[in-house]
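Me: I've got a model open and I'd like to learn how to read it. Could you take me through it feature by feature?

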Amino acid sequence: MNLLLILPIAIPLTAATIGLLFRKSPMVQRASGVIGMAALLVSVIYLSWQTYTDGIQVIQLGDWAAPFGITLVMDLLSAAMLIITAIMGLVVSIYSLYDIDRVKEQYHYYPLLHILLIGINGSFLTGDLFNLYVWFEVMLISSFILLALGNRKTQLQGAVKYVIINLVSSLVFLFGVAMVYGMTGTLNMADLAVKIAEVENTGLVTAVSMIFIVSFGIKAAIFPLFFWLPASYHTPPVAVSAIFGGLLTKVGVYALIRVFTLIFTHDIGYTHTILLWVSGFTMVCGVLGAAAQMEFRKVLSFHIVSQIGYMIMGLAFNTKLGIMGAIFYIIHNILAKSNLFLISGIAQRLTGTFELKQLGGLYRQYPWLAVLFLISAFALAGFPPLSGFWAKLSLVKAGLQIEQYVITGVAILVGLLTLFSMVKIWAYAFWMPMEEENKSEQFGKMKLMGAGGLNLLVTPVIILAAIIIIVGLFAEPFLSFCMLAAEQLLNPEIYIESVLGES
Amino acid sequence: METLLAIIGGALFAAGIYMVLRRNLIKAVIGIILISNAVNVLFFNLGRLTKANPPLIWEGNTLPVSPFANPLPQALVLTAIVIGFGLLAFALVLAYRSYKELGTVDLDDMKMDPVEVSAEMRAEEEQVNQ
């Protein structure tokens, strides 16, 4: 019993409530937005430390013993996800101080951001399948509003596609939950892991696992269910794109990892082979889609899809090294991808456009921005000694270990193509001279740092770039943490015992 | 009764998927409503339909009188209905807003050019700066 486990949900809830109460005062909204995120980060670091030293933390809400009540569980995977979510929340809320205009602030931008984090944190913490559905909906409704906030025409077009496909995905998930409940009579994940093994009709269990792949797959944007993502993620304000691109798809990946290591492990030969094929296609489709795009954020959106493939591949290997690679990849990818989105926003502020063909000359005018871009882009492509290198290395090693040569080859090839897209952005936006006709007023005059500069936009980017370098240079403790998390996932008995108690 | 509900659920699902696949945004929203109800009916059905006592504990007892009905599917379906209602309200407002702003509910007409995003954001910035 650890009562503090509700903090990752309670802190954003408090911050959101304060923001809503003081809707007339932008200062209070901003302060509650940023301070709330900082408090959240402190609390999850403390909780993660407890999880690391004392083992899996559990709370039975309302003191209803599992499997009857709702359980919140924090294992090392949840801990890693929560820390990275809180870091992202903090840097994005700082970035928003400049990026989000007064009108959007008045329409509760900061409370919505916090409600989004409630949903995400809840999804990472819950140990109950129906509760997971509820957290997904909390996350969805706030993401809907954040996506449409501002009411620009392109935003509405993107939001329509996003809303419809995500509603279908939630309903499919709910149907899957219903099937699981019908088969086993329980919704507690730890209890399910025990009871689903007793179901005689294994064909039905496999069918239900496919329902979960479809539902979480839509959320994680895997092949062939990813088309909504590049159609919507380049439309909202940059701060919103960054947090969506970083976190939302990874919640889907987290859910896939959770159910396919804990619950649906009865027929690994079948389900995980499907995941392996899907991961290969996801990687290739995403990276090829990115190669065809000429808009900064659209290139990045397609890359989200391609990177999801790597994580699913690690899950599909179902070995300790594979899952460790997948977890490390999630952490690295959230950092690098969100940072690239944030940089695209700075480029847009300086030049007035996201179009690669109109961008140019950034390297000459703003060499430090170019350096920051290179750090994140090389991390994404997997250059040593940045974080992406260790992520890709562990996945490739895991693939070679179980002799899956084809998919490993595909993964390496996709890494190369990722570099191609990053070089494309580099060449068009940073290297090529900007044509005189496209030059905006502020280009060259606006400073990155210092008085009248874009301090609030650049600071978060520097923080994230520093974390990427630290994770890259001192990879060992992070890798061994991910290894411990993978060990926990592959030994579900620990999880089950922590939730249900000694049986 | 179970068979009947299963058939109804299946039919609702089929109709809903057909509607979601239409190009008209309003029809797609109606499709979501149908699928949402189909899932609720199926959830109810999968929680087993029983003719039994209400799950209430009478005075002086510690357990409800056996056989008693399972109240959990009802609670879950109720939660799902409430959540579905909220999301649907948002989807309808979004459809209305899109119609007002874009002048169409045909999803085929909602093919934006990425260039427009940059142009719109620039216009918005200028508006804010003024």
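This is a predicted model: local features need pLDDT of at least 70, side-chain atom pairs count only at pLDDT 80 or more; totals for chains, interfaces and linings use all residues.

Me: What lines the largest cavity?

Reply: The largest cavity has a volume of about 100 Å³. Chain A residues in its lining are A:Y133, A:E137, A:L167, A:S170, A:L171 and A:L174, and from chain B come B:I32, B:S36, B:A80, B:G84, B:L87 and B:L88. Helices and strands here are DSSP runs numbered from the N terminus (helices are H or I, at least four residues; strands are E, at least two). Helix 6 (129-148) and helix 7 of chain A, plus helix 2 (25-46) and helix 3 (72-102) of chain B, each supply at least two lining residues.

Me: How does that lining split by class?

Reply: Ala, Val, Leu, Ile, Met, Phe, Trp, Tyr, Cys and Pro count as nonpolar, Asp, Glu, Lys and Arg as charged, and the others, Gly among them, as polar. The lining of the largest cavity then has eight nonpolar, three polar and one charged residues.

Me: And what is the volume of the second largest cavity?

Reply: About 70 Å³. Its lining includes A:M139, A:S143, A:N166, A:K219 and A:W228. Helix 6 of chain A gives the most to this lining, with three residues. By class, the lining divides into six nonpolar, two polar and one charged.

Me: Now the two chains. How many residues does each side bring to the contact?

Reply: The size of an interface is often given as the accessible area lost when the parts come together. Contact means heavy atoms within 4.5 Å, and buried area is the accessible area (1.4 Å probe) that two parts lose on being put together, summed over both. Chain B brings 45 residues and chain A brings 48. Between them about 4,200 Å² is buried, with carbon and sulfur atoms giving 73%. On the chain B side, B:L87, B:M112 and B:M121 lose the most area to chain A, together 15% of what that side buries.

Me: How do I read a nonpolar core?

Reply: In soluble globular proteins, nonpolar side chains tend to be buried together. A nonpolar core is a set of buried Ala, Val, Leu, Ile, Met, Phe, Trp, Tyr and Cys residues joined through side-chain atoms within 4.5 Å. Buried means under 20% relative accessible area, exposed over 50%, and partly exposed in between (1.4 Å probe, protein chains only). Of the 223 residues in the largest core, those touching the most other members are A:Y109, A:L129, A:F244, A:F264, A:I346, A:L362 and A:F373. Helix 7 (residues 153-184) of chain A gives this core the most, 19 residues. Leaving out residues up to four places away in sequence, A:L129 touches partners including A:F173, A:V177 and A:V180.

Me: Is A:D99 buried or exposed?

Reply: A:D99 counts as buried because its relative accessibility is 8%. This residue sits in helix 3 (residues 76-99) of chain A. Beyond its neighbours within four places in sequence, A:D99 contacts A:P237, A:V238, A:A239, A:R349 and A:L457.

Me: What about the backbone: which peptide bonds are cis?

Reply: One joins A:F223 and A:P224, with omega about -10°. A:P224 is in the loop between helix 9 (202-220) and helix 10 (228-232) of chain A. Another runs from A:P384 to A:P385, with omega near 5°.

Me: And which residue has a positive phi although it is not a glycine?

Reply: A:D63 is one of them, at about 60°. A:D63 lies in the loop between strand 1 (57-60) and strand 2 (71-74) of chain A, and at 63% relative accessibility it counts as exposed.

Notes. Residues are numbered from 1 along each chain as its sequence is written. Chains are lettered from A and ligands numbered from 1 in the order in which they are written. Side-chain values use heavy atoms; hydrogens and water are left out. On a 1 Å grid over the protein atoms alone, a cavity is a set of points where a 1.4 Å probe fits but cannot get out, and a pocket is an open set with protein on both sides within 12 Å along at least five of seven lines; lining residues have an atom within 4 Å of a point. Grid points are joined across faces, edges and corners, and a volume is the space filled by probe spheres set on the points.
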